[in-house]
Amino acid sequence: MKVKVATKILEANDRIALENRRVFDHAGLFVINLMSGPGAGKTSLLERTLAGRKDLRIGVIEGDIAGSDDAERIEKFGAPVVQINTGGACHLDANMISDVLGDLPLDEIDLLFIENVGNLVCPAEFKVGEDMKVMLLSIAEGHDKPLKYPLMFQESSALVLNKTDLAPYTDVDIGKIRKDALSLNPGLKIFEVSCRTGEGIPEWIDWLRTQKKNG
Amino acid sequence: MHEASIAASLLEIVSGQCRKSGCSRIESIHLKIGRASGIMTDALIFAFDAMKEGSPAKGAVLEIEEVPVSGHCDECNNTFTTEQEYILSCPCCGGSSFRMTAGRELDVIDMEVS
């Protein structure tokens with residue numbers, strides 16, 4: 001006997017993501033799912049963002065396979081932070097986020113960053129309830145990345161190119177990263193920053209403020 | 001890379017649907033997987049076969065229909081289907097004002113139960 005199923009395999013995750021989203025909307029929160037490969041500088045970008053946040057109230061959920069190093073770095077800035085250890089999983093999913101929502105003072109935050117597990121592949125597939133996906137790529141990773149990992153570039157609303165201070169020491173073609181990323185996603189907003197020197201960070205934070213207002 | 005979690009969700013969906021229809025065994029499952037979904041079908045089958053023991057799907061085979069990438073270009077107003085996994089420009093006019101209309105599917109269509 002044939003039985004109709006007609007279900008998206010990720011439907012259960014999407015449903016929980018939608019519930020998370022409702023909780024965020026109710027609290028008036030703008031939520032960014034921050035994704036990159038390992039070592040691109042997600043936590044460094046958050047540190048810079050927290051240092052320049054002024055009146056912007058920011059909270060952070062840290063996702064890592066193991067350890068609490070990142071949460072400790074965020075805590076130093078006096079921001080509410082929760083660490084999730086995925087215990088091996090290559091990405092955060094909606095259920096992991098749902099489990100920790102009670103540990104954050106959602107009503108006292110304007111902007112919540114969910115720092116995903118360092119991985120250029122899987123995090124792009126799983127909604128966690130975010131308003132927007134933002135990806136980070138350090139230029140030292142090479143200009144071939146947009147065409148090698150197209151999904152993440154397609155799913156993101158903004159791309160932050162980090163470690164621009166290393167440009168003189170590499171052969172990377174930043175123009176090619178921009179061109180290929182925009183081919184994959186014509187609406188992509190691109191920032192060039194150096195978390196080491198602080199260059200480009202004010203533009204990034206200004207943009208975050210406008211997103212929060214729009215959201 | 002996360003085919004195992006996809007396989008676990010799939011197993012949950014089909015086992016639930018099988019029980020709901022009052023049956024105990026799933027013979028085959030028909031899936032549609034888009035070529036741009038990022039899922040490797042071999043890895044999905046491997047993970048599913050490893051997990052299905054002890055479930056109503058223990059004897060089930062996955063029948064996977066690959067869906068090619070299709071799109072529509074607003075610039076030249078053409079609808080196209082391509083053999084490529086990802087498209088960087090409209091295959092008709094070379095412009096960038098295209099939308100993908102298919103190719104990201106990860107859907108369970110139906111299944112044969114007894």
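I started in chain A, where strand β3 (residues 58-64) and strand β4 (residues 81-85) pair in the parallel sense over five bridges. For the terms: strands are DSSP runs of E with at least two residues, helices are runs of H or I with at least four, and both are numbered from the N terminus. Two strands pair if DSSP finds at least two bridges between them.

Before going on, I noted that this is a predicted model, where local features need pLDDT of at least 70, side-chain atom pairs count only at pLDDT 80 or more, and totals for chains, interfaces and linings use all residues. Residues are numbered from 1 along each chain as its sequence is written, with chains lettered from A and ligands numbered from 1 in the order in which they are written.

**Chain A, around β3**

I then checked how β3(A) gets to β4(A). Together with helix α3 (residues 69-75), the two strands make a right-handed β-α-β unit. Right-handed here means that, with the strands pointing away from the viewer, the path from the first strand over the helix to the second runs clockwise.

Is β3(A) buried or exposed? Seven of its seven residues are buried, the cut-off being 20 or more other C-beta atoms within 10 Å of a residue's own, with C-beta atoms placed from the backbone. I sorted them by direction: Ile58(A), Val60(A), Glu62(A) and Asp64(A) point one way, Gly59(A), Ile61(A) and Gly63(A) the other. In a regular strand the side chains alternate between the two faces of the sheet.

**Chain B, the sheet and the overall form**

Next I opened chain B and counted two helices and six strands. From the N terminus on, the elements run α-β-α-β-β-β-β-β. The radius of gyration of chain B is 17 Å, well over the 13 Å that the globule rule gives for 114 residues, so chain B is more spread out than a compact globule. That radius is taken over C-alpha atoms, and the rule is 2.2 Å times the number of residues to the power 0.38. I also noted the box filled by the C-alpha atoms, roughly 50 × 25 × 15 Å along the principal axes.

Three strands of chain B form an open antiparallel sheet in the order β4-β3-β5. Its edge strands are β4 (79-82) and β5 (98-102), each pairing on one side only.

Conventions
A residue is buried if 20 or more other C-beta atoms lie within 10 Å of its own, exposed if 12 or fewer, and partly exposed in between; C-beta atoms are placed from the backbone.
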